[in-house]
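This report describes the architecture of one protein chain. The reader is asked to keep the sequence and the three-dimensional view at hand while following the text.

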Amino acid sequence: MSEKVRLGSRNVAIVGPYLSGKTTLLESLLFVTGTISRKGSVKDSNTVGDSAAESRDRQMSVEISTASAEYNDIRFTFIDCPGSVEFAQETYNALMGVDAAIVVCEPIRERVLTLAPLFKFLDDWEIPHLVFVNKMDRANIHVLETLHALKAVSSRPLVAHQFPIMAGEQLTGFIDMVSEQAYQYHPGAPADPIPFPENLKQEEHTARAEMLEALANFDDHLLEELLEDIEPPPEEILKDLKMELGADLVVPVFFGVAEQDYGVRPLLEALLREAPEPETTAARRLKGKASNTPLAQVLKTYYTPQGGKLSLVRVWQGKLTDGIVLNGVRAGGIYRLMGQQQQSVNEVGAGEIVALSRLEGVKTGDTISTERPMELAKVEQMEPVYALAITPEKRNDEVKLSSAITKLLEEDPSLAWEQHGDTHEVILWGQGEIHLQVALDRLRRKYNLPMSTHLPQVPYKETIRKSVTSVHGRYKHQSGGHGQFGDVFLDIKPLPRGEGFNFKETIVGGVVPRQYIPGVEMGVREFLVHGPLGFPIVDVAVTLTNGSYHTVDSSEQAFKQAARLAMQTGIPQAQPTLLEPILRVEVTTPSEFTSKVLQLLSGRRGQILGYEGRHDWQGWDNVSAYLPQAEMQNFIVELRSLTLGVGSFHWEYDHLQEVPEKLAERVLASNGNGNNGNGK
């Protein structure tokens with residue numbers, strides 16, 4: 001079935017939902033190409049992919065793994081990508097450097113929806129992709145039903161490249177839809193030709209007719225042949241498949257069982273024949289502006305225990321040589337990766353994916369060149385949706401934390417961190433609970449920084465409900481020598497929500513000398529940092545109306561203390577009340593889950609603002625709501641649980657709002673116990 005292809009390369013990403021069998025497929029691809037002599041398994045933690053300790057601990061991909069294989073004079077570079085939505089940034093960054101992607105999925109109708117965001121990304125960036133329906137030995141729906149379910153979540157037409165032959169629930173072979181030759185699988189060996197199974201003739205004919213009609217939408221000559229009932233030759237069909245796959249116009253579908261190597265060889269043959277060459281991909285990415293100047297883009301950054309920083313790059317044009325200077329930084333070495341193993345090379349050309357060492361200051365997504373580079377498009381950074389407050393278990397480690405987190409964020413740009421101004425906590429942000437646990441594992445393993453964690457405090461505020469006037473504060477202190485004397489009268493009143501703090505004075509007759517008035521404002525501001533309920537006070541206006549001073553004992557410091565005493569007396573009289581931050585959230589969800597999302601928001605004290613169809617997403621909705629920050633902590637966990645893992649949200653701070661009385665009592669009781677918590 002193969003044809004001789006000139007010496008070259010193909011860069012292929014293996015993508016798909018969690019548990020679809022991507023790492024197993026990579027192992028099978030390496031085995032059938034002769035790259036490895038014995039297959040590992042995820043269960044036994046001995047695969048080429050998932051070689052990181054964090055992956056093996058969880059038996060799931062948490063970062064991309066790269067492996068090379070030679071097959072029929074082509075060097076394949078495979079990138080095994082995480083399937084969990086919490087590590088999608090890794091996948092999207094890697095996809096920017098490949099020629100094609102294999103989308104691995106299971107033949108389970110209920111899980112097909114999980115492919116929708118991935119298909120959307122691939123089509124938005126026009127990345128050619130094939131589908132490999134894995135685990136056909138566990139299929140719970142018919143082949144044609146599988147195809148129709150997949151078509152419902154793809155904006156590009158899916159075409160069956162082969163038709164599986166089943167014996168009960170067992171996959172025994174396939175029919176090549178181009179040649180209509182049937183084959184039988186054998187464990188550990190290529191498939192053999194067999195006579196066409198007559199019982200599949202009608203179903204295969206239906207699927208093949210759909211394939212040819214889809215291809216004919218982009219080829220007038222093929223359309224004419226079909227209209228005239230002329231059987232197109234296999235060469236013409238293959239030519240159309242190559243052209244339309246390369247332009248991301250159609251998505252060929254394959255079936256197999258990666259664990260048994262079934263379907264893997266036909267998949268490889270299709271990648272040889274039909275996947276676009278690196279030159280084609282480069283012409284698309286560079287928009288026809290190629291030259292011989294070395295140009296590459298960073299797909300992933302690693303910090304290894306032995307070799308320090310490694311930057312995985314796709315070479316788009318020119319050559320990279322040992323010691324080359326890119327973006328003003330001299331590369332320390334060039335390596336091909338096989339999981340965590342590195343093979344040193346002196347020179348690589350356009351179309352290769354390799355790792356460069358010690359590119360300090362260069363980040364994931366950066367375009368690098370020997371000259372001022374043209375900036376290649378890069379993936380948007382995902383917004384964080386889950387947070388933990390972190391503290392080093394050993395107090396002396398606090399000085400090392402900033403440097404370690406900086407490296408952590410270089411390896412994984414979908415993480416973020418902040419030193420919160422109100423709560424003074426160090427908060428680590430990410431895409432979910434597992435995502436942050438992996439990050440914490442890396443801090444412990446790579447940088448010897450074990451962390452204690454807790455849910456971040458809610459940055460509550462307080463304000464007042466009524467005005468009070470002529471609140472008196474007098475500070476008088478005598479301790480030998482000059483004493484301290486300050487005397488003020490303050491009016492305190494609430495401001496509209498969001499106005500912050502306003503200070504003014506209406507002093508007449510010099511009862512408080514001008515040089516002491518800044519001290520009064522300073523004392524007021526210092527008091528507002530920590531109000532009687534235990535939180536910063538906002539939306540308050542304070543006016544200095546009267547006072548008195550002593551010519552010898554008065555000072556700015558004394559008036560500051562007097563102002564604090566006045567505030568200490570006045571604020572409790574002004575009916576202080578607790579405020580909580582309210583976020584505006586935009587939730588995206590498949591329409592079939594919209595009603596559940598509305599219930600989820602309402603059940604968390606959310607105020608629904610409305611919902612509408614999501615732009616450019618068939619069958620998806622955007623739901624807008626106000627949501628108290630105290631209710632957000634595990635919101636992403638429940639949202640994903642309700643939406644098969646595909647629901648997401650964007651959030652931003654909107655306003656402060658009074659906390660309901662019963663909830664305020666619980667928050668204040670909790671705060672009184674030393675835990676400014678979550679209002680739960």
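The model discussed here is predicted.

## Overall form

The protein contains 17 helices and 34 strands. Its C-alpha trace spans about 110 × 55 × 45 Å along the principal axes. Of its 680 residues, 55% count as buried. Among contacts between residues at least 6 apart in sequence, 73% join residues at least 24 apart.

The accessible surface comes to about 29600 Å², and carbon and sulfur atoms account for 48% of this area. There are 66 positive and 90 negative side chains, and the centres of these two sets lie 8 Å apart.

## The nonpolar cores

The largest nonpolar core has 74 residues, of which Leu95 and Val131 touch the most other members. Helix H6, residues 201-216, gives the most to this core, with six residues. When residues up to four places away in sequence are not counted, Leu95 touches Ala13, Val15, Ala101, Leu118, Phe121, Leu122 and Ile127. Apart from this core lies another, of 37 residues, which includes Tyr303, Tyr386, Ile405 and Phe635.

The buried residues are Ala116, Pro117, Leu118, Phe119, Lys120, Phe121, Leu122 and Asp123. They pack against strands S1 (8-15), S4 (100-105), S5 (129-133) and S33 (620-628), and also against helices H3 (88-95) and H5 (143-151). Just after H4, Glu126 takes a positive phi of about 55°.

Helix H11 covers residues 398-411. At 1.5 Å a residue, its 14 residues should span 20 Å; the end C-alpha atoms are 21 Å apart, which agrees. Leu401, Ala404, Ile405, Leu408, Glu410 and Glu411 are buried in H11. An α-helix has 3.6 residues a turn, so residues three or four places apart point the same way.

Asp441 is found in helix H12, residues 433-447. Its relative accessibility is 13%, and the cut-off for a buried residue is under 20%, so Asp441 counts as buried. Leaving aside neighbours within four places in sequence, Asp441 is in contact with Glu54 and Arg58.

Ser369 lies in strand S21, residues 367-369. At 3% relative accessibility, Ser369 also counts as buried. Beyond neighbours within four places in sequence, Ser369 is in contact with Thr293, Pro294, Leu295, Val325, Leu326 and Asn327. The C-alpha atoms of Ser369 and Gly328 are separated by 8.7 Å, although these residues are 41 residues apart along the chain.

## Positive phi angles in loops

Asp73 is found in the loop between strand S2 (65-71) and strand S3 (74-80). Its phi is positive, at about 65°, although Asp73 is not a glycine. With a relative accessible area of 37%, Asp73 is partly exposed.

Asn448 is found in the loop between H12 and strand S25 (451-454). Its phi is near 50°, a positive value in a residue other than glycine. Asn448 counts as partly exposed, at 46% relative accessibility.

Definitions and conventions:
Residues numbered from 1 in each chain as written. Predicted model: local features only at pLDDT ≥ 70, side-chain atom pairs only at ≥ 80, totals over all residues. Heavy atoms only, no water. Helix = DSSP H or I, 4+ residues; strand = E, 2+ residues; numbered from the N terminus. Buried < 20%, exposed > 50% of the residue type's maximum accessible area, 1.4 Å probe, protein only. Contact = heavy atoms within 4.5 Å. Areas by Shrake-Rupley, 256 points an atom, 1.4 Å probe, with all protein chains shown as cover. Lys, Arg positive; Asp, Glu negative; His and termini not counted. Charge placed at Lys NZ, Arg CZ, Asp CG, Glu CD. Core = buried A, V, L, I, M, F, W, Y, C linked by side-chain atoms within 4.5 Å. Expected span 1.5 Å × (residues − 1).
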